[in-house]
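Please look over the sequence and the model before reading the points below.

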Amino acid sequence: MIQNIFDSHAHYDDRKFDGDREELLLSLRDSGVRLLTNIGSNLQSSARSVELSRRYDFIYAAVGVHPHDAIDVPEDYLEQLEQMAKEQKVVAIGEIGLDYYYDFSPREMQKIVFEQQLRLAKKLGLPVVIHSRDAAADTMELLKKRRPKGIVHCFSGSTETAKEVLKLGMYIGFTGVVTFKNARKTLEVVEMVPLDRMLVETDCPYMAPEPFRGKRCDSAMLQKTIEKIAEIKGISPQEVADITNRNACRAYEIG
Ligand SMILES: [Zn+2]
């Protein structure tokens, strides 16, 4: 079994874990998972992320407002995020970004909330966790303008976009999508991205890798994602776990 795994992007505050959260989290060590970052998607889930990081020594937290939730942020949301970010184990502002696939929030509003949080991260000296779906051009424009440090998670863009992300000094996160049959484009990106700039993540409870596709995902399933990346890169799965663990610690400035 692969050991020393860092799940760089998880949502264990999600309702889907309400029935067995404690038991599941405590079992992860036996599945080779050493560390994880729980990612906020609005103020409530950010607060729950902080709570998880307080309760479990192997969990870090990110706080931020996802583009889906940009539509109803309270006026003082930046102050609230800043307050939460003072917690010792909050390691990033995220997830933040643009989602033009679902368009749950008007695009103009998504852009405003994204840029405000990029500025907050700069002010606090924290890295960011970026969500971008069907919005590569606008995402890259804002990243080039604000030049944050951090991670573009669940990368779904082209190799050209990935090269631009790397040029900005950022890391790229890969999920169980790399195991999907129709993942040709993502596999090309995995091939191109240097080992020292990639992270592995579940984005759980979503994005379960094959053969669990469609089921509730958890960090134990990263074994499959790592095996696939190892196959593409031509190194051992354990090396992928060790390298991506180191990268995640660097990206989140841990230790
Ligand atoms: Zn996520």
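Contact here means that heavy atoms lie within 4.5 Å. Leaving aside neighbours within four places in sequence, Gly176 is in contact with Glu201, Met207, Pro209 and Thr225. The model is predicted, so local features need pLDDT of at least 70 and side-chain atom pairs count only at pLDDT 80 or more, while totals for chains, interfaces and linings use all residues. Residues are numbered from 1 along each chain as its sequence is written, and side-chain values use heavy atoms, with hydrogens and water left out.

**The sheet**

- Helices (H or I, at least four residues) and strands (E, at least two) are DSSP runs, numbered from the N terminus.
- Two strands count as paired if DSSP finds at least two bridges between them.
- Strands of a sheet pair through backbone hydrogen bonds, either parallel or antiparallel.
- An open sheet is formed by eight strands with parallel pairing, in the order β1-β2-β3-β4-β5-β6-β7-β8.
- Its edge strands, β1 (5–10) and β8, each pair on one side only.
- From one strand to the next the twist averages 25 degrees (axes are lines fitted to C-alpha atoms, for helices over the stretch in contact, and angles run from 0 to 180 degrees between N-to-C directions).
- β1 runs parallel to strand β2 (residues 33–39) and is joined to it by four bridges; Ile5 stands opposite Val33 in β2.
- Strand β3 (residues 59–63) pairs with β4 in the parallel sense over three bridges, and the bridge partner of Val63 in β4 is Ile93.
- Six bridges pair β4 with strand β5 (residues 128–133), again in the parallel sense, and Leu98 stands opposite Ser132 in β5.
- β4 is mostly covered, with ten of its ten residues buried (buried means under 20% relative accessible area, exposed over 50%, partly exposed in between, with a 1.4 Å probe and protein chains only).

**The zinc site**

- Which residues are the protein donors of the zinc ion? They are His9 (NE2), His11 (NE2), Glu95 (OE) and Asp203 (OD), lying 2.1 to 2.4 Å from the ion.
- Donors are N, O and S atoms within 2.8 Å of the metal (3.2 Å for Na, K and Ca); water is not among the atoms, so sites may look incomplete.
- The arrangement is irregular because the four donor atoms subtend angles of 86 to 170 degrees around the zinc ion.
- Four donors count as tetrahedral if all angles lie between 85 and 135 degrees; four count as square planar and six as octahedral if opposite donors are over 155 degrees apart and all others between 65 and 115; anything else is irregular.
- Along the chain, the donors follow the spacing H-x1-H-x83-E-x107-D.
- Glu95 lies in strand β4 (residues 90–99) and Asp203 in the loop between β8 (198–200) and α8 (222–233), so this pair ties together parts that are 108 residues apart in sequence.
- Both Glu95 and Asp203 are buried, and the relative accessible area of Asp203 is 10%.

**Backbone geometry**

- A cis peptide bond with omega of about 10 degrees joins Gly94 and Glu95.
- Another peptide bond, from Cys204 to Pro205, is cis with omega near 15 degrees; Pro205 lies in the loop between β8 and α8.
- Asp203 has a positive phi near 60 degrees, although Asp203 is a residue other than glycine.
- Asn4, also not a glycine, has a positive phi of about 65 degrees and lies in the segment before β1.

**Cysteines**

- How many disulfides does a search of the whole structure find? It finds zero, a disulfide being a pair of cysteine sulfur atoms within 2.5 Å.
- The closest cysteine sulfur to that of Cys154 is in Cys217, 11 Å away, which is too far for a bond.
- Cys217 is in no disulfide, and its nearest cysteine sulfur, that of Cys204, is 5.4 Å away.
- Cys154 is buried at a relative accessible area of 15%, and Cys217 is buried at 1%.

**Two loop residues**

- Gly176 is found in the loop between β7 (171–174) and α7 (184–192) and counts as buried because its relative accessibility is 2%.
- The C-alpha atoms of Gly176 and Cys204 are separated by 9.6 Å, and the two residues are 28 apart along the chain.
- Ser41 is found in the loop between β2 and α2 (43–55) and is buried, with a relative accessible area of 17%.
- Beyond its neighbours within four places in sequence, Ser41 is in contact with Ser46, Gly64, Val65, His66 and Asp69.
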